[in-house]
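Biologist: I've got the model open and I'm a bit lost. Can we go through it step by step?
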Amino acid sequence: MVRFGAATTALMFAAQLHRSDDLAGMGFLRSEDAWWVRVDLSLDVVREAALSCGGRVHVTCAGQLVPDRGWGEPPTEGVGLELSSLTETPLVEAVRIAGLVKTPPTPVSQVTIVVPGLRLAELIRRALDLNLTVTYQRVDLTPLFETSDRAHGAGGGRSGYAPAPGGRSGRSGYVVDLVAGAGNVSPSLVAALERDPFVLVCRRVRDRLLIQHRHASPLPDRVLAALVDHGVWVLAADGYGCARLTAHGEPQSGTAFVRSPVDRPLQPLESLPEWPDAVPEPPTLTVVPARAHGQKIDAVLLSDEGLAALPLVLEGLPLAETAQLTLGRDRHLLTATGGVLEDLPVGEPLRCVGPGQLYLPLGFRLKPRLPPAARRALFPTDQGDAIVLTADACYAFLLRTAVPVWQLWAGEPPEVDMQLPPEMERSLRLIDDGLTPPERTRRVDFLPGLRRPRRSGPRGIRPTPMERGSWQDQAWALESDGQLIRAAELHNRHNQPLQAARLYERAAELEEG
């Protein structure tokens, strides 16, 4: 047995040693000036826990409670309090006497309030203004503890919901749950509700237990919840009183308090207008002006005149290192690895709306607005193509034929004159003459990798696709294939944060779209 001077410390001791929610193996007893807890545990464990709560361990000897020395073997004889003088006391009575203690305020995502009907509509409308999910239910409140001791919360509370004391019949009220969809309930709202004498703010421990907000019992919440026999318990301090709730009906949505004051009767089918015989034609997809604030330039659509002026604009700029040019018949597409393009004075700036390489002019959008799945079905770009949709035309470009833009002004390399020593050149020619018949003697190209490239295609640009050898080429291939995240990771690994950020941004825009 352990002796305590107050029920609060006795419950604290029990909370440290309890092994199950119902505190099996423990008993609570009461004398004239103390509370006693009977435990069946190791003496060393009980000694340590009792000291932490200010209790005094006693050992039963011949029907008497003999004080323990605190160390060594327990006493086997001595004079103490008669065990028969203690009175068995229910745990609920210890909880009532101990009451609740205040706890520091913490952010909460849900609060439950008990409120009279007079204040219900006003409170629900205010909660809905703050984007809270509101449900309410009518309840009957009766006194929880059958006692006339008003000092311990049986009645006499200041709240408008408080039940009558002395076991008399209670009154009706409402339980309202306020739930924040994201984040927490506004602390200022909770503080304002706590200042209202007609409102009790609670935290919902279980479906059957409500405890006043910023208050707690010395017992753990789960142990208190196990004590609830029927109905819903409300434990409150500060003169509010404790009550048992009996719910009626099902919880209702608070949105009923913001319905239109004008009745809108439902009409039978016969009074409705005739349905049309034919399905109306879908609207024509068009490109219309839209807000362009904050939009980035992802590509540029060039005419033949703009293409001719491009060398004057880009020659000597860092953009010429990464920009790719896809040639068409009379329109041409200029893109850059990572989607970072400067504001060029030539061409029409484009932004990528996806999925894939689908472009619209900067400051324009589709009408009607289409989700990504619809844009993917109407404008497939998964074959390495890019599609540019303008107000009066739709262009497609083969991205696999893209070439570096510097080929516009690089021109043909000069003829390479290999300066070999005379004796080496004579040896090579003797070897070549010995391997080749005289009638089919041909000129040997000693460095095939430097042979003069053939000039073909518009404006002397070689139309062969660029070699996919460098990491920039790999990133461009991933970007053209619509794998923006992988392309961004490749840029990030090679210390190109601007290009990586733009690709991540485009990927996020496609997710949101």
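Predicted model: local features only at pLDDT ≥ 70, side-chain atom pairs only at ≥ 80, totals over all residues.

Biologist: Good. What covers the buried residues of α7?
Modeller: Several elements do, including the strands β18 (299–303), β19 (323–326) and β20 (331–336). The helices α8 (319–322) and α10 (407–410) are also part of that cover.

Biologist: Which residues of α7 are buried?
Modeller: α7 spans residues 304–314, and the buried ones are Gly306, Leu307, Leu310, Pro311, Val313 and Leu314. Viewed along the axis of α7, these fall within an arc of 165°, so they line one face of the helix.

Biologist: And which residues are on the other side of α7?
Modeller: Glu305, Ala308 and Leu312 sit there, and they are exposed.

Biologist: What follows α7?
Modeller: Gly316 does, with a positive phi near 90°.

Biologist: Let's zoom out. How many helices and strands does the protein chain have?
Modeller: There are 14 helices and 26 strands. The chain has 513 residues, and 41% of them count as buried. Take contacts between residues at least 6 apart in sequence: 67% of these join residues at least 24 apart.

Biologist: I see a barrel. In what order do its strands close?
Modeller: Seven strands close it, in the order β9-β11-β10-β16-β15-β13-β12, with mixed pairing. Neighbouring strands of that sheet are turned by 35° against each other on average, direction ignored.

Biologist: Remind me, through what do strands of a sheet pair?
Modeller: Through backbone hydrogen bonds, either parallel or antiparallel.

Biologist: How many bridges join β10 to β11?
Modeller: There are 10, and β10 and β11 run antiparallel. Within that pairing, Asp140 stands opposite Ser172 in β11. β9 and β11 are antiparallel as well, over six bridges. There, Gln110 has Val179 in β11 as its bridge partner.

Biologist: What about β12 and β13?
Modeller: Four bridges join β12 (residues 200–206) to β13 (residues 209–212), and the two run antiparallel. Arg204 has Leu210 in β13 as its bridge partner.

Biologist: Which strands does helix α5 lie across?
Modeller: α5 (residues 187–195) lies across β9, β10, β11 and β12. It runs at about 115° to β12.

Biologist: What is Leu224 in contact with?
Modeller: Leave aside its neighbours within four places in sequence. Then Leu224 is in contact with Val95, Leu209, Ile211, Ser217, Leu219 and Leu235.

Biologist: How many aromatic pairs does the structure hold?
Modeller: Two. In one, the rings of Phe4 and Phe13 have centres 5.2 Å apart and planes at 45°, so this pair is tilted.

Biologist: Is Phe4 buried or exposed?
Modeller: Buried, with a relative accessible area of 0%. Phe13 is buried too, at 0%.

Biologist: And the rings of Tyr136 and Tyr174?
Modeller: Their centres are 6.3 Å apart and their planes at 55°, so that pair is tilted. Tyr136 is in β10 and Tyr174 in β11, 38 residues apart, so to speak linking distant parts of the chain. The cut-off for buried is under 20% relative accessible area. Tyr136 has 16% and is buried, whereas Tyr174 has 22% and is partly exposed.

Biologist: Last topic, the backbone. What holds for most residues and peptide bonds?
Modeller: Most residues other than glycine have a negative phi, and most peptide bonds are trans.

Biologist: What is phi of Asn131?
Modeller: Near 60°, a positive value in a residue other than glycine. Asn131 is in the loop between α4 and β10, and counts as exposed at 68% relative accessibility. Arg214 also has a positive phi, about 60°. Arg214 is in the loop between β13 and β14, and counts as partly exposed at 27%.

Technical notes
Residues numbered from 1 in each chain as written. Heavy atoms only, no water. Pairing = 2+ DSSP bridges. Axes fitted to C-alpha atoms, helices over the stretch in contact; angles between N-to-C directions. Contact = heavy atoms within 4.5 Å. Buried < 20%, exposed > 50% of the residue type's maximum accessible area, 1.4 Å probe, protein only. Arc of directions from axis to C-beta. Phe/Tyr/Trp six-rings, centres within 6.5 Å; stacked < 30°, edge-to-face > 60°.
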